Every structure is written in structure tokens, then in C-alpha cells.
Amino acid sequence: MAFARCPLFSRLSRRVACASIAFLAACGAGTSGDKPPPPAPSVTAETAPPPPPATAVTTVAALPADPPPPPEPEPLRARFLSVGDVIFGRRIAKIIARKGDPDHPFRPLAKLYADVDFTFANLENPFTTAKKPNETPAGKRYAVLWARPDSVQSLVKYKFTAVNLANNHALDQDLAGVKETLRTLDAAGIQHVGVGLDLAAAWTPMFVDVRGLKIAFVGASFASKNDMGISRNNYVARIEDEKRLAAAVAKAREGAHFVVVTFHAGDEHKFTPNAAQKAFVKAAVRSGADIVIGGHPHVVQPVEKVDGKWVFYSIGNYVFDQAAVDNSEALAVELALELPPGAARAEIKKLLVHPIVIEEGAPGPADDARAAKILGRAGLPGRELTP
Ligand SMILES: [Zn+2]
């Protein structure tokens, strides 16, 4: 403590001030010279010594600093949903018109769609401008589907930006419908798989790039319209074409870190997979698929591991208009993938199934009782599967 730091010093002479006990108490120091100074006061917050001179700090700071270590390479991550059959025609068109809300089917799970990087769906209707809204097909004994091309706006809005087209309605509007569908999706920036202007195009894998993590999709169907697969064509990938499947999965494997095979097959409204589904699943896994996800039966079928890979034989409907209880129960599959630095293959970090109930064409979360029923039908003990 120096006199200069005593606030009273400037106002009182040293002699007068130092005669005063009050001054001594305030300054904590006596005169210099007459007597030896009292012991230094103990250091308190008030009396702590001043910080070291600035020059010392400068000297330390001026030393050449080590460059910071390079940041650890981060794994790449992607998270997406896979959902079942989506249509915008038939009764879905009527519900949307009645509500005056094209987003109606997507509202209950809007937050989930926003949270994932994208949603992959089976688009079950061709797009065409050649028909009037809600036109009923004449002289047809089976469902013939179509929808207005502007339906793609809600697909884009809710990030349904990757779709399978290989299904039993792909040719419902003939080749003109295939062409208009492909044009419409391309113009909207929605990627597609399973259908093309020749079989090579139909079997070309779709590559979805999520910040550098590449996910490939291959799709095939048992039929191209509702004729149980009797007619053949050059536009739709077919499940029995196992050689083309193997080649497509190999190409997918080469260009991607994770391979999804999707397929459209099975018996409608049946709860167990048929022989064609089982044969396709085996071939897909043997070819190198990381996961296989199917649809068409309009109900949930078992989920199981086949040769170490998760297989969903049928995840059911999604934006769909069948009102029966079993037809309005479905699964949405959520995958979180991670690609460690330098690795060639992504790992499944999390695999979740969301039990879904469809009300008025809008899929939403099932309540606990329905969820338990849906998971039971899938043969799953819970919503999270071990990768
Ligand atoms: Zn179908």
C-alpha cells in the first residue's frame, strides 16, 4: 500500500493525517522514516497487489503460438423417412377439395417431415392433365389411378423429394401418363426410381445426396397395372428380374454409402408375405441391399431380419383413401445414418418405426392402443429396432 493510493492523502497533509487513527485505519500504513513500517497487511480483495505490469503479459502473448490442431473429421449424417402408398386422386382429391386445403394430408406429421432430411414414398398414381378432376374411369373393373400434376407442390413443400414409381398403377394412364409423371417430377425437383422410358432407365438407381452422404434406392414391382402382373412392358422394373436387380444393386453399392431396395408386391389385405415377396427380399439382400422396404398389401406385414438386414414386407398405406380399420394402420420407417470419416459404408445409427393411423387421408401418430396393435402386427416389441 502506498500513500498515493490512499484517497485521503491528497486532502490532508502527511503529518496531520498520520496523527489521526482514522487515517491510519483508512490507509493501512504509517509514515516512512520515523519508525519501521508495520507488518504488511494481510492480502484481501481490497488490498490485493496490482496485476503484473502489462509488459509481462505482452511478452508472453508475443511468443509464437502453436497452430491449433486440425479439427477431427466429423462423420457425415443423414436422416430420412420411408412411407407407404401416396395418392392424390380418387377420394383424396375429394377430401382435399372439401377441406380447401391441399396440405391436409401432411399436416398431422408436418414437424416430423421438417425434421428429417427428406421423405421417400411410393407414389401410386401417375400424373395427367388429360382428365377432369375426379373423373371416374368408365368400363374398368379395377382401380385406375391418376392425379393432377399440381399435387407435386405439397410433396415438395413437405420434402417428399424421392419417390418410387414401380407399382401396379404405373401404367394406369398408359405411356403418356408415364411421360407426364416423369416430366412433372423432374420439373419439381423430385427424384424417382423404378420406372423409365426403357428398362435400363427403370432399373437405374436413384442417388439421394444428403450433405455428401449418398443413399441409393432401387425399386421394382410385381405388376405395372391391376392385371396381377400378366402384361409386360419396357417401362417398369419387375421383381422377378433378379439379374437386373443384382446389377442395379451393384451399381447402387458403387455410387452410394447406403442402399435401400423397395418393392411393390404381396397379396392385398393379407397379413403375411407371399412366396414372391420372400423370394425378392432374399435376392435383394443377397445382392447387397442394406434394408428392404415393401408395400402394396395395404396393411402392415411382419418386420424381420433376413441374413442380417432389416426387411419390411409391407408398411401399408400412407396418403390413401381406404377406410377399413386395418387399411388405415401403417408404419413410417425412420432411419438415421452415419458415415465415419473415410468409411465406404454408412451405418444405421437409429432405426425407428412410427405407428401411423390414417384419418381422412391424413397419416398421423397412432394412439397407444392402436400403436400396440400395429407393432404387434409387425411382430415388433417396440418402436426402436436394433440396427
Ligand atoms: Zn399397389
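Predicted model: local features only at pLDDT ≥ 70, side-chain atom pairs only at ≥ 80, totals over all residues.
Student: Which residues does the face of α11 turned away from its buried side carry, and what makes them exposed?
Tutor: That face carries Asp368, Ala369, Ala372 and Gly376. Residues are numbered from 1 along each chain as its sequence is written.

Student: Why is α11 called a helix?
Tutor: A helix is a DSSP run of H or I with at least four residues, a strand is a run of E with at least two, and both are numbered from the N terminus. α11 spans residues 368-378, so it passes the cut-off for a helix.

Student: How do you know that the buried residues of α11 are on the same side?
Tutor: The buried ones are Ile374, Arg377 and Ala378. In general, an α-helix has 3.6 residues a turn, so residues three or four places apart point the same way. The buried residues of α11 pack against β9, β12 and β13.

Student: What makes β2 mostly covered?
Tutor: Six of the six residues of β2 (118-123) are buried. Phe118, Phe120 and Asn122 point one way and Thr119, Ala121 and Leu123 the other, and all are buried.

Student: How do you know that β1 and β2 pair?
Tutor: Strands pair if DSSP finds at least two bridges between them. Five bridges join β1 to β2, so they pair, and they run parallel. In this pairing, aspartate 85 stands opposite asparagine 122.

Student: What about β2 and β3? How many bridges do they have?
Tutor: They have three, again in the parallel sense, so the pair passes the cut-off too. Here alanine 121 stands opposite valine 163 in β3.

Student: Finally, how much of the chain is buried?
Tutor: Buried residues make up 40% of its 387 residues. The chain has eleven helices and 15 strands.

Conventions
Buried ≥ 20, exposed ≤ 12 C-beta atoms within 10 Å, placed from the backbone. Contact = placed C-beta atoms within 7 Å.
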